[in-house]
Amino acid sequence: MAATVKVRLISLVVVFALWWLGSLLAGDLILPSPVTVVGRFTDLIADGALGRALRIGLTSLAVGGGAAIVVGVPLGILLGVHRTLGRAFDFYFSALYVTPFSAVAPLFVLWFGFDSGTRMIFIFFFTLPQIVIVCYQGARATPEGLIDVARSYQARPRDIFVKTILPYEVPFIFTALRLGVGRAVQGMVVAELLISAAQGLGFLITAYSAALDIGAVLAVVLFIMFLGVLASMLVQRIEDAVAPWHSEVTTTGEPSGG
Amino acid sequence: MVGNEQAKLVLEGIHKTYETKRPRNTFLRRFLPDWKSEMIKVVAIEELSLEVHAGEFVSIVGPSGCGKTTALRIMDALVPADGGRVLINGTETAEPRSECGFVFQDFGLYPWRNVAANVEFGLELRGVGPEERRRRAQSFIKLVGLEGFESHYPHQLSGGMQQRVGIARTLAIEPEILLMDEPFGSLDALTRRIMQFELLRILGSQRPTTAVFVTHDLEEALVLSDRVVVMTRRPGCCKEIVDVPFGRPRTPEVLDSPEFLELRRHLWESLQEEQVPVAGAVQPDG
């Protein structure tokens, strides 16, 4: 663990050094140096712009992304377990996954209006396919052998579902959450860029790039990236606590001999 | 009702046919496996009949692909037979029976359950309360020599230890009939030999257990069994049944006795006759 932290710190120092070097060569106006960006970042916090934008963004993220999880996880599992339903509906989610959402954002405005609810609906549909697809594949991946074990102990279909398919699904749910959180953050920014003109982090980015304040643009973008990494690490921590067998299997690879 | 009243487990004229797609190797067809695919029928088992009596240990040996594992899975109704009947304690079987306990070749342990929870699995499904479950699981964990490993997860154990868990899990439900599908097949030779005598010790300490044991290891079959069933090559049926005269408890010395060597030679020759001739193994592609 300590080794991981060390390597990541070194990697961050190297990247920041390169960035700083680049800003020296290109000039602060084109590529602001880390110092400039950090300065703009503290300004944004001080004048409350970032805080307001974040509160608005996180609200739509929590509602839209949360709804995608609450609907997507059971839906993915249902499609995976029920063969006919899976065959009938799985490809819709593959289609939804590659839908160019930024191109269809105006349709959302047309259908649902120009307010924060529309952003939530947008984030929901943007995040849903990823979660459904991962959970669907997990439910289908349950090894036949493990189901046979349960059957050999006279497990009823309900027992097989609760004691074999669901536990096997747990790591897939966490993968879905990790990927889903990242996608929801993307969806949030796209929604703020395209759907509501005067709110949120996306609005900040539009406003500052119009004003050619590249330092502030980078401060907001880096902050969003930081939020994404933080959320993904948080999900990983929860997974390690809830499904220790899985993270150990995947990190140690081969089972130990002896 | 046909069937000997003494018999614990009876197979009557079991048939099993598989349908598979004819394998194709052209480039295009690998990507379009369903396009103009031809189903071919493979007769796995033809007219297999067998009687296993209470307290008897019967091994089934046979060439690869003769359907011995399928036969065992049919006994526990994990796969349906296409013809014939399976009788357990005189009644016909359509679903996995509580009298049977199955031990799987690849151990079949749940990776999210530790040793104790894996052993408790069958008891849990039968609605045994947590206290009682823990107590009974503990005694079987002790029996298979895994005391102190209760909270280990399967991936932290060696193959031999994992199958000890598998055996404890099956014994915990106290089955009348043990069905074992090459349980030591994936272990190294030394561990396999140790596990064979461990199994003899474990079963010797239990009330008389009836067992059907599928293996391709002739020595293993002789060490463990009262009778050895030799199956023919596919479509599999019963070729001959060899009685094993050694008493119990058995010790490793049995391996060196002249009778043992003679029986092993006999089984070897019997199986040799069932090997598919090499020239015939390559099917001309119509």
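Biologist: How close do the axes of α3(A) and helix α6 (residues 116-141) of chain A come, and at what angle do they cross?

Modeller: An axis is a line fitted to C-alpha atoms, for helices over the stretch in contact, and angles run from 0 to 180 degrees between N-to-C directions. Here the two axes come within 6 Å and cross at roughly 30°. Angles under 35 degrees count as roughly parallel, over 145 as roughly antiparallel, 65 to 115 as roughly perpendicular and the rest as oblique. So α3(A) and α6(A) are roughly parallel to each other.

Biologist: What do I need to know about the model and its labels?

Modeller: This is a predicted model: local features need pLDDT of at least 70, side-chain atom pairs count only at pLDDT 80 or more, and totals for chains, interfaces and linings use all residues. Residues are numbered from 1 along each chain as its sequence is written, while chains are lettered from A and ligands numbered from 1 in the order in which they are written.

Biologist: Is the crossing of α3(A) and α6(A) left-handed or right-handed?

Modeller: Look at the near helix: turned anticlockwise from the far one by less than a right angle, the crossing is left-handed; clockwise, right-handed. The crossing of α3(A) and α6(A) is right-handed. By class, their contact has 24 nonpolar, nine polar and two charged residues. Ala, Val, Leu, Ile, Met, Phe, Trp, Tyr, Cys and Pro count as nonpolar; Asp, Glu, Lys and Arg as charged; the others, Gly among them, as polar.

Biologist: How do α5 (residues 159-172) and α6 (residues 189-205) of chain B pack?

Modeller: Their angle is about 25°, with the axes 11 Å apart. That makes α5(B) roughly parallel to α6(B). α5(B) passes α6(B) in a right-handed crossing. G159(B), G160(B), Q163(B) and I167(B) of α5(B) meet T191(B), M195(B) and I202(B) of α6(B). Three of the residues in this contact are nonpolar, four are polar and none is charged.

Biologist: How many helices and strands does chain A have?

Modeller: Both are DSSP runs, numbered from the N terminus: H or I over at least four residues for helices, E over at least two for strands. Chain A has 11 helices and zero strands. Its C-alpha trace spans about 70 × 55 × 25 Å along the principal axes.

Biologist: Which residues of helix α9 (residues 200-210) of chain A are buried?

Modeller: Count the other C-beta atoms, placed from the backbone, within 10 Å of a residue's own: 20 or more is buried, 12 or fewer exposed, in between partly exposed. In α9(A) the buried ones are G200(A), L201(A), G202(A), F203(A), L204(A), I205(A) and Y208(A). Their cover includes α3 (49-81), α8 (157-194) and α10 (214-242) of chain A. Just after α9(A), L212(A) takes a positive phi of about 55°. Across chain A, buried residues make up 34% of the 258 residues.

Biologist: How many residues does each chain bring to the contact between A and B?

Modeller: Two residues are in contact if their C-beta atoms, placed from the backbone, lie within 7 Å. Chain B gives 19 residues and chain A gives 19. On the side of chain B, the largest share, three residues, comes from helix α3 (residues 115-125) of chain B.

Biologist: Where in chain A does pLDDT stay under 50?

Modeller: pLDDT is the predictor's confidence in each residue, from 0 to 100. Where it is low, the predicted coordinates should not be read in detail. In chain A it stays under 50 over residues 250-258. Yet the mean for chain A is 88. Chain B also averages 88, and 91% of its residues score at least 70.
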